[in-house]
Amino acid sequence: PPPTTPPPPRAAADARVGGRGSSATQATSAPGATYTALGPSRIADTRCYHSTASYCALENLPPANQDLNTLSAGGTVTVQATGVSGVPAGAQDVLVNLTVANPTQPTYLSAYATGTSGPTATSPFSNVNVSTRNEVVSGKALVPLSSSGQFTVYNHSGSTDLIVDVDGYVAGSGNTAGSLFT
């Protein structure tokens with residue numbers, strides 16, 4: 001069935017880099033910050049929470065992200081990005097691919113720095129939109145990080161699994177690696 005309300009607008013810094021649902025969040029990168037490409041490397045997969053599936057053992061998820069459970073309606077999950085898969089401490093933003101798997105109904109996911117305001121009824125935003133049950137959708141997002149190197153993902157409706165792959169990071173102007181990001 002179609003969603004009862006239309007999906008929220010995409011983040012203000014909308015940058016179409018992938019398929020349907022791809023967008024960038026309001027990143028916090030300072031002028032002159034550098035972008036460094038990585039992997040891609042899987043850093044979170046809620047399908048592996050207490051699972052014995054063979055692919056979970058092969059994923060070699062970082063310990064900080066091994067106990068992430070399926071997202072319920074209105075639920076959130078916190079993902080540790082720094083210190084895993086080549087993302088250094090001090091990174092300001094990460095470029096990730098967010099994949100929705102096994103959704104029970106139409107929904108949207110929003111990613112934002114942990115400890116900051118997520119989507120609200122008056123100010124919703126989305127990074128990935130799912131229009132039908134059991135649809136698998138992914139999208140790229142440039143997500144700001146908290147001072148502890150974490151970001152939070154919010155699920156609007158139903159329950160869903162989340163898979164996160166990191167593709168790169170943005171670090172302050174003192175970083176000499178990577179490409180200039182202005």
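How much accessible surface does the chain have, and what share of it belongs to carbon and sulfur atoms? I get about 8300 Å², with 53% belonging to carbon and sulfur atoms. I used the Shrake-Rupley method with a 1.4 Å probe; for residues, only the protein chains shown count as cover.

**Ground rules.** I am working on a predicted model, where local features need pLDDT of at least 70, side-chain atom pairs count only at pLDDT 80 or more, and totals for chains, interfaces and linings use all residues. Residues are numbered from 1 along each chain as its sequence is written, and side-chain values use heavy atoms, with hydrogens and water left out.

**Layout.** I looked up the secondary structure next. Helices (H or I, at least four residues) and strands (E, at least two) are DSSP runs, numbered from the N terminus. Along the sequence I read β-α-β-β-β-β-β-β-β-β.

I find 48% of the 182 residues buried. Buried means under 20% relative accessible area, exposed over 50%, and partly exposed in between (1.4 Å probe, protein chains only). I then checked contacts (heavy atoms within 4.5 Å). Of those between residues at least 6 apart in sequence, 77% join residues at least 24 apart.

**Core.** I looked for nonpolar cores, meaning sets of buried Ala, Val, Leu, Ile, Met, Phe, Trp, Tyr and Cys residues joined through side-chain atoms within 4.5 Å. The largest holds 29 residues. Val 94, Val 96, Leu 98, Phe 151, Val 153, Leu 162 and Val 164 have the most contacts inside it. Two or more core residues come from each of β1 (33-45), β2 (76-80), β3 (91-101), β4 (107-113), β5 (128-130), β6 (137-144), β7 (150-155) and β8 (161-171).

**Aromatic pairs.** I count two. Rings of Phe, Tyr and Trp (its six-membered ring) pair if their centres lie within 6.5 Å; planes under 30 degrees apart count as stacked, over 60 as edge-to-face and the rest as tilted.

- Tyr 108 and Tyr 154 have ring centres 6.3 Å apart and planes at 55 degrees, so I log the pair as tilted. Tyr 108 sits in β4 and Tyr 154 in β7, so the pair ties together parts 46 residues apart in sequence. Both Tyr 108 and Tyr 154 are buried.
- Tyr 112 and Phe 125 are edge-to-face, at 6.4 Å centre to centre and 85 degrees between planes. Tyr 112 is in β4 and Phe 125 in the loop between β4 and β5, so this pair ties together parts 13 residues apart in sequence. Tyr 112 is buried at 11% relative accessible area, and Phe 125 is buried at 8%.

**Salt bridges.** I find three. The rule is a side-chain nitrogen of Lys or Arg within 4 Å of a carboxyl oxygen of Asp or Glu.

- Asp 165 meets Arg 42 at 2.7 Å, N to O. Asp 165 is buried at 13%, while Arg 42 is partly exposed at 28%.
- Arg 47 meets Asp 45 at 2.7 Å, N to O. I see Arg 47 partly exposed at 26%, and Asp 45 buried at 1%.
- Asp 167 meets Lys 140 at 2.0 Å, N to O. Asp 167 is in β8 and Lys 140 in β6, 27 residues apart. Asp 167 is buried at 9%, and Lys 140 is partly exposed at 22%.
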